[in-house]
Amino acid sequence: MLELRNISYKYGHRQILEDVSFCIERGEFCVLLGANGAGKSTLFRLIARLLPLQKGEVLIGGHRLENYQKALQNIGIVFQEPTLDLDLTVRQNLHYYGALKGLSFAKSIHCVRTDLQRLELTTKLDTKVRELNGGHKRRVEIARAMIAKPTLLLLDEPSVGLDSQTRQSLLGYIKEKVRENNLSVLWITHLFDEINGGDNVVLLDEARLIENGKAHELLAKHNQPTITDLFWHLTKKQL
């Protein structure tokens, strides 16, 4: 569903990404893990076409990113920074996004009716976004991303600033969608407790991909007991 080939990127003379390649298969949950400054958010922006490619290729669903109408038509995006209109209600935010996707107001809500129930947002539909707490705002953004029934979901640090219980709840919901809908997910984080043994993990450090594979296989390969220990073993850094 997502393939990155030899991605390199510079800000001026500073190398942010260097020869990064990996892929995500259909129905795979992939965690991109790295410290601040590793290049995670830059990679996210390149995939989302917020930054121009300098070197390398991005393919989504087999379509090169340059063919963006096809490449981006089946993706959902949750940005690290909030993107909801605070002065609109939850319902109005969903209606607006659905309209951008060519859906009627009724269809926009119907498409995510089950998601709204699971995310405990049904009673919040007519609440202005600015009145919601951080956890509910993030849930609205995730529900909004599901309106167009994406086959690939990109999430940039989606749990930043949330308490542990809310983080794990959102993570559980996303993994349910992976199992139920054969959804492919790129989950970008710096939090070790968001990684399970069966997750595919891409480790970035100082612009380079330093490891890639199933978490439990990487632990066995490097003879490390936890992802925290693995990261320290490979980078000599703490997150």
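What follows is a tour of the salt bridges.

First, some ground rules: this is a predicted model, where local features need pLDDT of at least 70, side-chain atom pairs count only at pLDDT 80 or more, and totals for chains, interfaces and linings use all residues. Residues are numbered from 1 along each chain as its sequence is written, and side-chain values use heavy atoms, with hydrogens and water left out.

Call it a salt bridge when a side-chain nitrogen of Lys or Arg sits within 4 Å of a carboxyl oxygen of Asp or Glu. Count that way and you get 18 salt bridges.

Start with R91 and D126, whose closest N and O atoms are 2.9 Å apart. R91 sits in helix α3 (residues 90–100) and D126 in the loop between α5 (113–118) and α6 (134–145), so this pair ties together parts 35 residues apart in sequence. Helices here are DSSP runs of H or I, at least four residues, numbered from the N terminus.

Now hop over to R118, which has a salt bridge to E180 at 2.9 Å, N to O. E180 is in helix α7 and R118 in helix α5, so the pair links parts that are 62 residues apart in sequence. R118 also forms a salt bridge with E176, with 3.4 Å between the closest N and O atoms. E176 belongs to helix α7 (residues 164–181), so its pairing with R118 in α5 ties together parts 58 residues apart in sequence.

Finally, look at E3, R5, E57, R64 and E66: salt bridges link them in a network.

Note on methods. Helix = DSSP H or I, 4+ residues; strand = E, 2+ residues; numbered from the N terminus.
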